[in-house]
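Please look at the sequence and the structure below before reading on.

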Amino acid sequence: MIEATGLTKRYGAKTAVDGVTFTVQPGQVTGFLGPNGAGKSTTMRMIVGLDRPTAGKVTVNGKPYAAHRRPLAEVGALLDAKAVHTGRTARNHLLAMAATHGIPTTRVDEVIELTGLRPVATKRVGGFSLGMGQRLGIAAALLGDPRTLILDEPVNGLDPEGVLWVRNIAKYLASEGRTVFLSSHLMSEVALTADHVIVIGRGRILADAPVQEIVDGAERKLVRVRSPQATELAELLTANDAQVDGVEPGLLEVRGSSAAAVGELAAASRIVLHELTPVASTLEEAYMSLTADSVEYHSEDIAASGTASDLEGSKA
Amino acid sequence: MSATATAPAGGTTSGPSTGHTQVRNVTFARVLRSEWIKLWTLRSTWWTLASTVVVMIGFALLLALVVQLAGDAMEGASPEDQAAMGGVLGGTTVVAAGYEMAALVVAVLGALMITGEYSTGMIRSTFAAVPGRLPAFFGKALVLVLVTAVLTAVSLALSWLVTYPILNANDATVDFGDGDQVRSLFGTVLYVSLVALFALGLGTLLRHTAGAIFTVVAIFLVIPTIFQIATFAAAQLEWVGTVNKLLPSVAGAQITPNAGQFTDVLDPWVGIAVLGGYTALVLIGAAARLKAQDA
């Protein structure tokens with residue numbers, strides 16, 4: 001269980017996290033979703049005491065992280081795949097971490113086995129791929145068999161098999177009653193892995209709800225209609241309780257109605273239609289509209305329709 | 001059984017948790033053990049330690065050679081002249097000849113212990129495991145001082161061993177019955193250990209390998225050299241002499257066999273206490289920054 005209250009972090013004049021309050025419950029995977037620079041990593045770093053909050057507080061399993069006598073048994077954190085000395089081997093890194101908590105060597109070898117690191121365990125970390133670094137970070141997080149896991153962008157750099165593995169392990173750990181808090185900038189990733197999602201943008205919580213609720217709310221349907229008699233059609237539709245937006249002369253976007261209903265209405269009034277397209281907004285689009293005003297680094301409009309790929313592009 | 005069925009495939013039957021993982025409280029002894037492992041699992045440690053031994057023995061041999069050459073030249077000279085020669089290049093001076101260079105090499109090790117963690121991001125793993133932070137810092141300091149002290153003592157012993165035949169032939173061996181000579185060798189160990197700690201503190205303050213090493217070299221090599229010239233060139237300026245004797249390297253050196261370069265100096269024990277004071281200040285500042293600032 002992670003509880004944040006009015007958690008704030010300012011760097012000079014810039015506010016990275018702006019008074020966020022949320023609770024991450026045990027027994028489920030909670031996604032932490034937001035665009036680049038939204039404050040996800042800063043929030044996670046404050047949870048484990050690496051960054052000091054400017055205001056507010058955050059506790060893990062009832063206490064501030066630093067007040068725990070066995071912190072690695074309370075929280076396993078993957079905050080940065082490369083929070084490892086590049087000159088040390090993976091196994092030696094884990095042995096040094098384990099030594100602080102008297103964790104036996106057998107456990108070190110167990111997490112190496114579990115994360116598939118055995119072939120590279122005695123290699124120095126400097127030569128690791130991003131994916132291998134990520135696996136080592138997860139191995140370190142699991143070392144103390146923690147009740148709470150914090151994973152910052154855990155699937156970054158992983159191959160498809162690795163992505164699947166992270167999803168499964170996150171779900172499995174939550175099913176054991178642990179708290180799993182996993183950040184991502186990809187709505188689709190969170191939708192596949194998480195039960196609950198907290199959306200953050202520009203340091204503020206934008207949504208805090210079960211994933212299904214966000215997904216349902218997201219899949220609003222709209223109908224795109226092109227007609228030379230657009231004005232006439234718009235009046236007709238509005239009279240029939242649909243919401244109409246005029247996108248450009250002759251082009252309407254209709255909400256609260258179906259393509260069939262629009263077509264029938266137009267036919268009954270002898271209105272010519274040049275286009276009638278049902279548009280299902282995707283999860284990514286819903287996320288984009290949710291965070292539209294809070295994206296830190298807007299990418300230039302390369303393609304008018306490329307919203308989702310813009311988002312991913314800006315992260316790459 | 002159902003748990004086993006849903007466990008992610010990982011090649012073991014245990015899953016992420018075996019339910020019986022032994023995890024104990026973080027204690028200073030465990031943190032110390034962790035820092036010990038960290039030190040010895042880096043190649044840079046082995047490089048710097050080997051360099052220290054080589055530098056110490058190398059300088060000792062070089063100076064022993066000077067003693068030999070001087071001895072050859074002095075053959076037939078009066079006993080008074082020979083005694084004067086032995087006073088400048090005594091056995092302890094030869095054995096500890098490389099201590100200043102060794103101190104700089106060990107300073108690199110001290111700085112790297114912490115700057116290496118900041119530059120790679122390892123510091124975040126360290127502080128996640130030891131959120132109190134200070135135990136990790138003091139653990140590093142203790143490991144560093146232990147290793148440095150033993151290393152310097154061993155280097156001195158090896159230097160004594162390899163130069164013994166030459167020094168013995170020239171009647172310039174270390175006299176272990178002489179309290180001052182023994183103190184100066186012990187003082188060499190103290191000096192090198194303090195410089196290593198000083199560098200660890202600077203590394204923690206600056207969080208930057210090159211910056212920390214540059215600063216150590218400036219403080220222990222460049223500035224003293226400038227003042228060494230100044231004490232001769234501007235001997236009439238009183239403050240030059242005062243600052244000179246209070247420089248970390250000059251104050252600390254009075255306890256080593258290298259004392260006697262200047263006339264206006266501190267007492268050996270006062271001098272090493274002054275160096276200890278500087279080191280304590282740097283370490284306190286370092287601990288304060290480490291504790292207060294974001295990692």
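Which residues does Lys9(A) touch, not counting residues up to four places away in sequence? Lys9(A) touches Ala16(A), Val17(A), Thr42(A), Met46(A), Asp51(A), Pro53(A) and Thr54(A), where two residues are in contact if their C-beta atoms, placed from the backbone, lie within 7 Å.

This is a predicted model, in which local features need pLDDT of at least 70 and side-chain atom pairs count only at pLDDT 80 or more, while totals for chains, interfaces and linings use all residues. Residues are numbered from 1 along each chain as its sequence is written, and chains are lettered from A and ligands numbered from 1 in the order in which they are written.

**A residue and its sheet**

Lys9(A) belongs to strand β1 of chain A; helices (H or I, at least four residues) and strands (E, at least two) are DSSP runs, numbered from the N terminus. With 24 other C-beta atoms within 10 Å, Lys9(A) is buried, a term used if 20 or more other C-beta atoms lie within 10 Å of a residue's own, whereas 12 or fewer make it exposed and values in between partly exposed. Although Lys9(A) and Gly203(A) are 194 residues apart in sequence, their C-alpha atoms are 8.7 Å apart in space.

In chain A, three strands form an open antiparallel sheet in the order β2-β1-β4, and two strands are said to pair if DSSP finds at least two bridges between them. Strands β2 (14–24) and β4 (55–60) of chain A stand at the edges with a single partner strand each, so one side of each has no neighbour in the sheet. From one strand to the next, the twist averages 20 degrees. Helix α1 (residues 40–47) of chain A packs on this sheet, touching β1, β2 and β4 of chain A, and its direction makes about 115 degrees with that of β1(A); such angles run from 0 to 180 degrees between N-to-C directions, and axes are lines fitted to C-alpha atoms, for helices over the stretch in contact.

| Strand pair | Bridges | One pair of facing residues |
|---|---|---|
| β1 (residues 2–11) and β2 of chain A | seven bridges | Arg10(A) and Thr15(A) |
| β11 (residues 243–248) and β12 (residues 251–255) of chain A | five bridges | Gln243(A) and Arg255(A) |

β11(A) and β12(A) form a hairpin with two residues between them, and Gly250(A) in the turn has a positive phi of about 85 degrees.

Chain B has 13 helices and zero strands, and buried residues make up 47% of its 295 residues. The axes of helix α9 (residues 179–206) and helix α10 (residues 209–233) of chain B come within 9 Å and cross at roughly 135 degrees. The two helices are therefore oblique to each other, since angles under 35 degrees count as roughly parallel, over 145 as roughly antiparallel, 65 to 115 as roughly perpendicular and the rest as oblique. Among the residues that meet there are Phe198(B) and Leu202(B) in α9(B) and Val216(B) and Phe220(B) in α10(B).

Between the chains, 48 residues of chain A are in contact with 42 residues of chain B. On the side of chain A that touches chain B, α6(A) gives the most, with six residues.
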